[in-house]
Amino acid sequence: MTTEAVRMRDGPPVTDLVRRAIGGDSRAWDALVERYIPLVWSICRGHRLEGADAHTVSQAVWRQLAGRLGTLRTPAALAGWLATTTQQECDRIGPAAGKPGERAQVAERELVAAERHAALREAFAHLPPHCQQLIAMLIQDPPVPDAEISAKLGIPARSIARNCHDCLQGLRRHPAMATLIRTEPSGDR
């Protein structure tokens, strides 16, 4: 099973992690950092910051979040807050190579990707366990043979595609995903 699949299956929704981190749960804080550190670093890369500069930005962003975590009005929008704060810190550290419009486009793409991943993780966490297991097995690399999936999950091999379809429909119907699907341009789906 891929690391991302395990994270999606086992990871609680961001709102739960924020609530627990506010209450002093260090494991929830660590899970938030692990979940969103790729977003912070990707924005740093978009600003062509590496090494010590990127580390400085990352540390500043996480310190700011630690100080403001309890005041977030919409914990589900944490990815947007992190993207904006990282963008500001990158701008503060030094001018990025490239034009400001290019930096804004990179930040926007990273924010959209983070929102997609957060919505997918939340929807995945609300699927029935058999759907979580099936999807996790289907996205493994290398692919798991149908016979092995059938044996492990106790479903006929000929029914795997139908079960997968039903599980994916469940993902699409989850409110976080449904909203995302409705708001994205049709070419991005």
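## Threonine 85 and its surroundings

Contact here means heavy atoms within 4.5 Å. The model is predicted. Setting aside neighbours within four places in sequence, threonine 85 is in contact with Val61 and Gln64. Glutamine 64 is 21 residues from threonine 85 in sequence. In space, the two C-alpha atoms are 8.4 Å apart.

Threonine 85 sits in helix H5, which covers residues 78-93. Its relative accessible area is 4%. The cut-off for buried is under 20%, so threonine 85 counts as buried. The side chain of threonine 85 also reaches the backbone oxygen of tryptophan 81, at 2.8 Å.

Helix H3 runs over residues 26-46. At 1.5 Å a residue, its 21 residues should span 30 Å. The end C-alpha atoms are 30 Å apart, so expectation and model agree.

The kink is about 45 degrees and lies at tyrosine 36.

Aspartate 25 caps the N-terminal end of H3. One of its side-chain oxygens lies 2.9 Å from the backbone nitrogen of arginine 27. Just after H3, arginine 48 takes a positive phi of about 60 degrees.

Buried residues of H3 include Ala28, Leu32, Arg35, Tyr36 and Leu39. Val40, Ser42, Ile43, Cys44 and Gly46 are buried too. An α-helix has 3.6 residues a turn, so residues three or four places apart point the same way.

Technical notes. Residues are numbered from 1 along each chain as its sequence is written. This is a predicted model: local features need pLDDT of at least 70, side-chain atom pairs count only at pLDDT 80 or more; totals for chains, interfaces and linings use all residues. Side-chain values use heavy atoms; hydrogens and water are left out. Helices (H or I, at least four residues) and strands (E, at least two) are DSSP runs, numbered from the N terminus. Buried means under 20% relative accessible area, exposed over 50%, partly exposed in between (1.4 Å probe, protein chains only). A polar contact is a pair of N or O atoms within 3.5 Å; within protein, one must be able to donate a hydrogen and the other to accept it, and residues adjacent in sequence count only if both atoms are side-chain atoms. The expected span of a helix is 1.5 Å times one less than its number of residues. The bend at a residue is the angle between axes fitted to the seven residues ending there and the seven starting there.
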